[in-house]
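Keep the structure open while reading.

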Amino acid sequence: MNRRAAARWTAADVADQTGRTAVITGANSGIGFEAARVLAGRGATVVLACRDAGQAEQAAARIAAGLPGAPGGAARGDRVQTVRLDLASLTSVREAAEELGSRFPRLDLLINNAGVMTPPYGRTEDGFELQFGTNHLGHFALTGLVLGSLLKRDGSRVVTVSSNGHKVGRINFDDLQSEHGYRKMRAYAQSKLSNLMFTFELQRRLAAAQAPTIALAAHPGTARTQLLRHWRGPSRAVATARLGAATSWYMQDAEMGALPMLRAATDPAARGGQYYGPDRAFEFTGYPVLVRPTGRARDEGVQNKLWLESERLTGVRFPL
């Protein structure tokens, strides 16, 4: 076996997770589902936080059915649970956070995974542009509202899923909601850059408070999931084609796409503020390694300004 192959980090490297409780947003499908499946299989209690309660229940049942050593019903009740969460509604975010707090007063892991990508222009229930409101503000609010439960557990983590798209992103404080012209990819890139800036600012605040929790980020490369449903033309043809030689360099399945977030969530060597993504060309596909964000993501002044604006827009203050 060559050195590259020997260094590959896979789901087999996820250690025993017995006794840990993980909340994963958008875990009814795609990379969120794959991460939930792996964590539950390693013994964690996994909570699928999803907008569609019916789809969440179906996904939980599929995961539970694959767990070894326990009848499906018992495994479902103990190890795989659900909560309804619509990140496009701050009311729903608050309700989900309250339910999580009552059911799980101590959390070990929050994976901010759910998102939307390049839809037609739309607004959240609270009037935010749909991508910025869902991908960033919804997760910002959820994290702030459940952080108290994470702070009770040594070694707890917040993992937020960003994207290669952050590299072309800009934070436009003069038009965060794209009210003066909507370009769907520009709005998506802004939301994914916001995810990274949120992670770095959160980690800095956690470290300053000497908290037992760390914040990390990850991106899946180009993974074939429902996130691609708004793609059109040749890009959609590639996204819906079966994996093969023509797409293997550019597109990977959800199982591979979940590995960066799983590494950020479970690798004992991971540290706060780190960012994981695929190791192959352009970070499209491959096994998870530490990757570099764009320099704009490291701008502490913009990070802090975005944090303060996110607090104002959501009305959520963090217990730090």
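Helix α10 spans residues 259-266 and is mostly covered: eight of its eight residues are buried. Among the buried residues in α10 are Leu-259, Pro-260, Met-261 and Leu-262. Arg-263 is also buried there. The model is predicted, and local features need pLDDT of at least 70.

**Salt bridges**

Side chains of opposite charge can pair when their charged atoms come close. With the cut-off of 4 Å between nitrogen and carboxyl oxygen, the count comes to eleven salt bridges. Three of them are tabulated here.

| Pair | N to O distance |
|---|---|
| Glu-179 and Arg-123 | 3.3 Å |
| Lys-167 and Glu-283 | 3.7 Å |
| Arg-205 and Glu-201 | 2.8 Å |

Take Glu-179 and Arg-123, joined by a salt bridge. This pair links distant parts of the chain, 56 residues apart. Glu-179 sits in the loop between β5 (157-161) and α7 (184-208). Arg-123 sits in the loop between β4 (109-112) and α6 (130-150). Arg-123 has a relative accessible area of 41%, so it counts as partly exposed.

Next comes the salt bridge of Lys-167 with Glu-283. Lys-167 lies in the loop between β5 and α7, and Glu-283 lies in the loop between β7 (275-278) and β8 (288-290), so the pair ties together parts that are 116 residues apart in sequence. What is the relative accessibility of Lys-167? The value is 33%, so Lys-167 is partly exposed. Glu-283 is at 14% and counts as buried, because the limit for buried is under 20%.

Arg-205 is partly exposed at 25% relative accessibility. Glu-201 is buried at 4%. Salt bridges that share partners join Glu-201, Arg-204, Arg-205 and Glu-300 into one network.

**Positive phi values**

Which value does phi of Gln-210 take? Phi of Gln-210 is near 55°, positive in a residue other than glycine. Gln-210 is found in the loop between α7 and β6 (214-218). Is Gln-210 buried or exposed? Its relative accessibility is 73%, so Gln-210 counts as exposed.

Glu-283 also has a positive phi, near 60°, and is not glycine. This residue is the salt-bridge partner of Lys-167. Glu-283 is in the loop between β7 and β8. With a relative accessible area of 14%, Glu-283 is buried.

Note on methods
Residues are numbered from 1 along each chain as its sequence is written. This is a predicted model: local features need pLDDT of at least 70, side-chain atom pairs count only at pLDDT 80 or more; totals for chains, interfaces and linings use all residues. Side-chain values use heavy atoms; hydrogens and water are left out. A salt bridge is a side-chain nitrogen of Lys or Arg within 4 Å of a carboxyl oxygen of Asp or Glu. Helices (H or I, at least four residues) and strands (E, at least two) are DSSP runs, numbered from the N terminus. Buried means under 20% relative accessible area, exposed over 50%, partly exposed in between (1.4 Å probe, protein chains only).
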